[in-house]
Amino acid sequence: MLISNWPNAIAHVDADCFYASCEQLRRPDLKGQPICVLSSQDACVVAKTYDAKAAGITTGMPVWEARKLLPQANYLSADFRYYGLISDKLFAILRRYSPAIEEYSIDEGFMDMNGLRSLYRKPYQAIADEIRTTVRHEVGITVSVGISVTRTLAKMASEYNKPDGTTIVAGRRIHDFLKHVSVRDIPGIGGNRQALLNKFDIHTAADFADVPEREIKRLLGKAGTDLWHELNGTPIYKIETEARMPKSVARTASMGEVTQDKQTIHAHLLNHAMRLSKELITKRLTAGQLTVFLTLKSFDKQADTSDLPYPSADYFLLASEAGRALDTLYDPDQFYRACGLIAGDIAVRQSGSFDLFQMADQQREEKHLKLLETMHIINHKHGDNVIAICGAMQKRKAEGVMGRFAYPVLECS
Ligand SMILES: [Mg+2]
């Protein structure tokens with residue numbers, strides 16, 4: 001392997017125990033205590049502190065099993081909207097250092113570092129340390145930073161010295177670094193591939209990088225040779241600065257019956273609108289367009305697509321658009337079996353992106369999102385549909401499924 005030290009420079013910044021750190025941030029009394037953050041419905045562990053991990057708790061473990069291992073840990077429901085706000089702060093800091101950032105997940109990102117040493121007149125080690133310190137002071141959580149010549153090496157480097165560590169792997173130091181990493185810790189090598197590689201006496205990442213390319217191709221195919229090049233210092237994976245966005249988000253279902261009743265269809269659409277809104281809010285996305293479709297008894301589909309007046313995740317707006325489209329599409333002589341909503345023109349939620357004429361819209365949207373968020377949290381804590389919205393209740397009432405507080409809590413405006 002003969003490459004210069006910095007033919008290319010990529011940083012990987014990864015928050016340490018992100019969800020658990022966010023919880024400690026707003027509840028300082030939990031600092032230094034084991035924490036497990038739970039999935040929706042509190043079914044399983046989605047994140048945990050290092051001490052909970054040391055007790056044998058793994059991500060995805062059912063909560064009852066975790067409680068057996070570590071009854072004294074704090075078990076908290078995940079609050080993704082809050083974690084999203086902390087994530088925004090983290091990425092805002094990273095953007096101060098480099099304009100080319102890939103938000104890889106809520107708590108980790110890749111940064112193009114080329115040219116930054118001369119810009120800041122500092123070596124990469126000092127820039128990475130400064131990023132860590134800035135995040136700790138301004139956000140209140142710790143991150144680990146790895147800088148190397150390819151994405152894969154940068155990611156392995158950030159993982160190498162966790163928590164709150166910096167690892168710099170220049171081109172000429174790659175081989176030494178790889179000797180200390182097991183093939184299991186190469187991103188993309190799972191348990192099965194590890195077992196296969198071990199059979200061929202490939203145990204460390206350095207062994208992997210030293211095997212001839214054609215041998216890796218034989219064992220792991222194209223994905224393997226891509227990794228092999230990355231470990232040998234040739235960038236294959238580029239930094240993608242454009243957010244990876246779903247093209248659309250859909251909520252559809254059969255109604256479980258064939259019906260002519262417009263109110264029933266409307267109630268189904270309102271339920272879809274609620275689930276769609278919840279998904280958009282959680283992922284911090286907005287829709288610019290809404291398609292409403294109805295499936296006839298004959299399985300023919302009818303659809304109505306309209307642009308929303310502004311990018312939104314607001315249930316009330318989605319619900320009123322769905323109602324308007326239903327008025328257009330509905331034919332009392334037809335029978336219907338399914339319906340659904342498709343949100344299109346998806347974008348990342350921007351705060352403060354409304355112009356002067358949209359101020360009222362923005363204030364209404366923010367007020368609604370707060371209400372909806374509170375409703376989701378209460379339903380999350382106390383069981384689904386403790387609180388529901390009046391329109392969507394009608395169907396449940398007819399089915400004999402009632403919330404405990406079945407009054408019209410919220411009204412459309
Ligand atoms: Mg992380």
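The bend at a residue is the angle between axes fitted to the seven residues ending there and the seven starting there. The model shown is predicted.

**View 1. Helix 11 is kinked at Leu 220.** The kink is about 135 degrees and is centred on Leu 220. Just after helix 11 comes Gly 233, with a positive phi of about 95 degrees.

**View 2. Buried residues of helix 11 pack against helices 7, 8 and 10.** The buried positions are Ile 216, Gly 224, Leu 227, Trp 228, Glu 230 and Leu 231. Their partners are helix 7 (151-160), helix 8 (174-179) and helix 10 (205-210).

**View 3. A cis peptide bond joins Lys 162 to Pro 163.** Omega of this bond is near -10 degrees. Pro 163 sits in the loop between helix 7 and strand 8 (166-168). Asp 164 lies in the loop between helix 7 and strand 8 as well. Its phi is positive, near 55 degrees, though Asp 164 is not a glycine. Asp 164 counts as partly exposed because 15 C-beta neighbours lie inside 10 Å.

**View 4. Cys 17 has a positive phi.** The value is near 40 degrees, in a residue other than glycine. Cys 17 is placed in the loop between strand 1 (10-15) and helix 1 (18-26). Cys 17 is buried, because 23 other C-beta atoms lie within 10 Å and the cut-off is 20 or more.

**View 5. The whole chain has 15 helices and 13 strands.** Of its 413 residues, 32% count as buried.

Key
Residues are numbered from 1 along each chain as its sequence is written. This is a predicted model: local features need pLDDT of at least 70, side-chain atom pairs count only at pLDDT 80 or more; totals for chains, interfaces and linings use all residues. Helices (H or I, at least four residues) and strands (E, at least two) are DSSP runs, numbered from the N terminus. A residue is buried if 20 or more other C-beta atoms lie within 10 Å of its own, exposed if 12 or fewer, and partly exposed in between; C-beta atoms are placed from the backbone. Two residues are in contact if their C-beta atoms, placed from the backbone, lie within 7 Å.
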